[in-house]
Amino acid sequence: MFQVGLIGKASFHSKVLGYLSNKECEIVAISNNYINEIRDILRKNYLESSLEVYDDYEQMFSNESIDIVHILLAPLQRFDCV
């Protein structure tokens, strides 16, 4: 099974539905500047206990074993995260 890490800045939840139904992938961590918003979304979808949330993608990479990184940002937003 592939371990997936998501990097996003704004609302990401509409983009991850494919991963949630995929038996070959598991989302293990999310890096996002809006941690409280993300935790609320995870809580509403009963995912808060299965995912780690980071405000720093480098910390996510250090702490998690990730096979796939999905960057959920528009091109202009990517500059802010680097």
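Buried residues account for 33% of the 82 residues in the protein. The model is a predicted one. Its accessible surface comes to about 5500 Å². Carbon and sulfur atoms hold 50% of that surface.

The protein contains 4 helices and 4 strands. Along the sequence they follow the pattern β-α-β-α-β-α-β-α. Contacts were also sorted by separation in sequence. Among those between residues at least 6 apart, 58% join residues at least 24 apart.

The 4 strands form an open sheet. Their order is S3-S2-S1-S4, and the pairing is parallel. In general, strands of a sheet pair through backbone hydrogen bonds, and the pairing can be parallel or antiparallel. Strand S3 (52-54) stands at one edge, and strand S4 (68-72) stands at the other. Each of these two has a single partner strand, so one side of each is left without a neighbour in the sheet. Neighbouring strands of the sheet are turned against each other by 25 degrees on average, direction ignored.

Strand S1 covers residues 2-8. It is joined to S4 by 5 bridges, and the two strands run parallel. Within this pair, Gly-5 stands opposite Val-69 in S4. Helix H2 packs on the sheet. There H2 touches strand S2 (25-32) and also S3. The direction of H2 makes about 160 degrees with that of S3.

Helix H2 spans residues 35-44 and includes both Asp-40 and Arg-43. These residues lie 3 apart, about one turn of the helix. Their side chains meet in a salt bridge, with an N to O distance of 2.7 Å. Such a contact counts as a salt bridge because the nitrogen lies within 4 Å of the carboxyl oxygen. In general, side chains of opposite charge can pair when their charged atoms come close. The structure holds 1 salt bridge.

Terms used: Residues numbered from 1 in each chain as written. Predicted model: local features only at pLDDT ≥ 70, side-chain atom pairs only at ≥ 80, totals over all residues. Heavy atoms only, no water. Pairing = 2+ DSSP bridges. Axes fitted to C-alpha atoms, helices over the stretch in contact; angles between N-to-C directions. Contact = heavy atoms within 4.5 Å. Buried < 20%, exposed > 50% of the residue type's maximum accessible area, 1.4 Å probe, protein only. Areas by Shrake-Rupley, 256 points an atom, 1.4 Å probe, with all protein chains shown as cover.
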